[in-house]
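Here is a short tour of one protein model, written to be read with the structure open beside it. Please have the viewer ready.

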Amino acid sequence: MKKDKYEIILISARELMCTENSPADITVDMIAKHAGIGKGSIYYYFKSKDEIIDAVIDRCYAAAIGEFLVSIKSMENALEKLRLLFRSILRSEFRDKSRNVIRELHLQNDIVTNYKLMMTSVKTISPIVTGLLAEGTEKGELHADYPEESSQMIVAMMTLLLDNSFFPQSDESRARKLKLYSRILDTCLKTAPGSFDFLSEPVDGE
């Protein structure tokens with residue numbers, strides 16, 4: 001039962017965050033009411049509202065990474081794995097507008113929350129990119145002198161480009177920036193021109 005309430009709290013917070021509510025506007029009372037449980041029950045599992053928000057963000061990125069790890073089980077080419085990782089991130093960010101909290105948070109002008117998004121993405125995604133860059137360099141499929149540092153810069157830059165609080169932008173402007181970003185990746189990783197052009201293309205289902 002304890003686990004059920006924990007899940008209900010996170011699901012309720014996520015649903016509130018997928019609306020036009022900024023995390024700054026959401027309260028523990030709102031989460032409790034939406035979840036249909038007492039406010040005291042929430043504090044049994046979480047110390048604060050911020051801890052709930054952080055848990056929701058962590059879970060969203062973990063879900064995207066989980067999908068990616070399942071998808072690469074039969075893949076051997078590191079560059080293709082890296083391309084698939086980027087596709088997984090974009091699907092996670094922009095797939096379902098009505099249900100995707102990461103997308104909605106990126107589109108809100110909340111600098112504190114968006115800083116959390118960047119920190120979480122770098123923390124969770126960079127280690128995977130580091131491994132892929134090291135593997136690809138060893139196999140000669142791409143080139144990265146400093147896989148760890150390169151991965152941190154690659155992930156941080158993508159997060160910035162997707163974030164609307166740092167760069168208020170139209171869909172067209174975001175696509176142009178992602179196109180330039182794809183060219184930077186090709187140059188820095190010494191991949192064939194156009195290897196990352198899909199980054200600026202519409203996401204499936206959009």
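The text below goes from the core to one helix, then to a pocket and a loop.

This is a predicted model, in which local features need pLDDT of at least 70 and side-chain atom pairs count only at pLDDT 80 or more, while totals for chains, interfaces and linings use all residues. Residues are numbered from 1 along each chain as its sequence is written, and side-chain values use heavy atoms, with hydrogens and water left out.

**The core.** A nonpolar core here is a set of buried Ala, Val, Leu, Ile, Met, Phe, Trp, Tyr and Cys residues joined through side-chain atoms within 4.5 Å. Buried means under 20% relative accessible area, with a 1.4 Å probe and protein chains only. The largest such core holds 51 residues, and the members touching the most others are L82, F86, Y181, F196 and L199. Among the helices that each supply at least two residues are α1 (2-17), α5 (78-94) and α9 (171-189); helices are DSSP runs of H or I, at least four residues long, numbered from the N terminus. The top contributor is α4, with 9 residues. Looking beyond residues up to four places away in sequence, F196 touches L79, L82, R83, F86, S182, L185, D186, L189 and T191, where contact means heavy atoms within 4.5 Å.

**Helix α9.** The 19 residues of α9 reach 26 Å from first C-alpha to last, close to the 27 Å expected at 1.5 Å a residue; that expected span is 1.5 Å times one less than the number of residues. Buried positions in α9 include Y181, S182, L185 and L189. Just after this helix, K190 takes a positive phi of about 55°.

A pocket is an open set of points on a 1 Å grid over the protein atoms alone, where a 1.4 Å probe fits, with protein on both sides within 12 Å along at least five of seven lines; lining residues have an atom within 4 Å of a point.

| Feature of the second largest pocket | Value |
|---|---|
| Volume | about 250 Å³ |
| Lining | 13 residues |
| Lining from α9 | 5 residues |
| Lining by class | 10 nonpolar, 2 polar and 1 charged residues |

Nearest the pocket centre lie S150, M153, I154, C188 and L189.

**The loop at L142.** Where does L142 sit? L142 is in the loop between α7 and α8, and it counts as buried because its relative accessibility is 6%. Although L142 and K190 are 48 residues apart in sequence, their C-alpha atoms are 5.8 Å apart. Setting aside neighbours within four places, L142 contacts L79, L82, L133, G136, T137, L189 and T191.

Key. Buried means under 20% relative accessible area, exposed over 50%, partly exposed in between (1.4 Å probe, protein chains only). Grid points are joined across faces, edges and corners, and a volume is the space filled by probe spheres set on the points. Ala, Val, Leu, Ile, Met, Phe, Trp, Tyr, Cys and Pro count as nonpolar, Asp, Glu, Lys and Arg as charged, and the others, Gly among them, as polar.
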